[in-house]
Amino acid sequence: MASPSNSSQNGGILGVNNKTSFGKCTLTVKTSSGDITTQPGTGLINYLVVAGGGSGAGLGGGGGAGGVTNVLSASVCAATAYPAVIGGGAAGGTNMQRGANGVDSSFLTTTTSGGGAAGSHAPGPGPGSSPISNRAGVPGGSGGGGGMSTGGPSAKGTGVACQGNPGGDGYDSASPGESAGGGGGDTGVGANGTGGTGGAGGAGTDFSPFYGTGFGVSGVLAGGGGGAARLDQCGSATGGAAGSGGAGSGTNTDTNAPSATANTGSGGGGAGYQSGPASPTTGGAGGSGVVVVKELNKASGVWSMQSQMA
């Protein structure tokens, strides 16, 4: 029986010829929008796209992490420039204002959604009040945490499927005090606020096994922001912890909340209060996004022996 026509070129190995990628495992960490140009021998890459994180609210929840997508063995052309769009993190909400959503990031065919805004404090009608609708966390790549209120629990924001997780609900209690939900993270759901304790932000994800540790927080990205708490005269209160990966923690006094680390896609912390709901506090800003590309040294299947010996 005659051999297949490609057997002599494949050294007797049967199969479809596939172009080999000689990308030298080059790693590019893109922290601002612009082109990423592949190496002359690159044909396959792994890439990671992280959107900007949502911000924490003034007197409210933690911001949700930006959406995350990790793509393995994508085909590209050698020595070609591909545009990367890096989404910004959202500015923190002030006083009784809800946070804001982070900005989308994109690379090749992948777009990830900005993290969801955190809900704020909403005491209802009267001087210094804000709309009840501001209590709820906002959907995003990961959802924002629900805010504090004296009018019932505050709903969390939902996350985008395969990009993130929901935030946590806010909690309503006259004593020991109100507490807001944590923002969702790439790996974990934001925790609900409980009596006097803000919800912790959802955990981020460690991508160092794919790309090393030269980005994010030693390779960890997209943690949710911690929810804030109200320090009541009759008891103590505790702000929620930040999710891993550069997220901001929640506060429990008249202080501004910490912002997320830049280029982590993490959510900002929620700002609490002690003196009263009119305290001029500001939630933490979300972290800007990032795109990470690794140019691979591998083939996608059977390759020509001729290409290996050239």
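The model is predicted, so local features are reported only at pLDDT of at least 70 and side-chain atom pairs only at pLDDT 80 or more, whereas totals for chains, interfaces and linings use all residues. Residues are numbered from 1 along each chain as its sequence is written, and side-chain values use heavy atoms, with hydrogens and water left out.

The protein chain contains two helices and twelve strands, where helices (H or I, at least four residues) and strands (E, at least two) are DSSP runs numbered from the N terminus. Read from the N terminus, the order of elements is β-β-β-β-β-β-β-β-β-α-β-β-β-α. Of the 310 residues, 53% are classed as buried; the classes are buried (under 20% relative accessible area), exposed (over 50%) and partly exposed (in between), computed with a 1.4 Å probe on protein chains only. Among contacts (heavy atoms within 4.5 Å) between residues at least 6 apart in sequence, 61% join residues at least 24 apart.

Confidence is expressed as pLDDT, the predictor's confidence in each residue, from 0 to 100. The chain has a mean pLDDT of 87, and 83% of its residues reach 70 or more. Residues 1-13 stay under 50, and the model has 18 contacts beyond four places in sequence for this stretch. Residues 302-310 also have pLDDT below 50, with 23 contacts in the model beyond near neighbours in sequence. Where pLDDT is low, the predicted coordinates should not be read in detail.

Nonpolar cores were identified as sets of buried Ala, Val, Leu, Ile, Met, Phe, Trp, Tyr and Cys residues joined through side-chain atoms within 4.5 Å. The largest core comprises twelve residues, namely Ile36, Ile45, Tyr47, Val49, Ala74, Val76, Tyr82, Ala84, Ile86, Phe107, Val291 and Val293. At least two residues of this core are supplied by each of strand S4 (44-50), strand S6 (81-85) and strand S11 (290-295). S4 provides the largest share, three residues. Beyond its neighbours within four places in sequence, Tyr47 is in contact with Thr69, Asn70, Val71, Ala74, Phe107, Leu108, Thr109, Thr110, Tyr211, Val292 and Val293. A second, separate core has eleven residues, including Leu48, Val50, Ala65 and Val68.

Val29 lies in strand S2 and is partly exposed, at 31% relative accessibility. With neighbours within four places in sequence left aside, Val29 is in contact with Gly214, Phe215, Val290, Val291 and Val292. Asp186, in the loop between S8 and S9, is buried at 18% relative accessibility. Asp186 and Ala65 are 121 residues apart in sequence and 6.7 Å apart in space, C-alpha to C-alpha. The contacts of Asp186 outside four places in sequence include Ala65, Val68, Ser142, Gln163, Gly164 and Asn165; among the others are Ala203, Gly204, Thr205, Phe207 and Ala222.

Glu178 also belongs to the loop between strand S8 (110-112) and strand S9 (205-206). Glu178 is buried, at 0% relative accessibility. Its side chain forms a polar contact of 3.3 Å with that of Tyr273; a polar contact is a pair of N or O atoms within 3.5 Å, where within protein one must be able to donate a hydrogen and the other to accept it, and residues adjacent in sequence count only if both atoms are side-chain atoms.

Backbone geometry was considered next. Most residues other than glycine have a negative phi. Lys24, which is not a glycine, has a positive phi of about 60°. Lys24 is placed in the loop between strand S1 (20-22) and strand S2 (27-30) and is exposed, at 64% relative accessibility. Ser73 likewise has a positive phi of about 60° without being a glycine; Ser73 lies in strand S5 (residues 68-75) and is partly exposed at 36% relative accessibility.

A search of the whole structure returned zero disulfides, defined as pairs of cysteine sulfur atoms within 2.5 Å. Cys25 is partly exposed, with a relative accessible area of 41%, and Cys162 is exposed at 78% relative accessibility.
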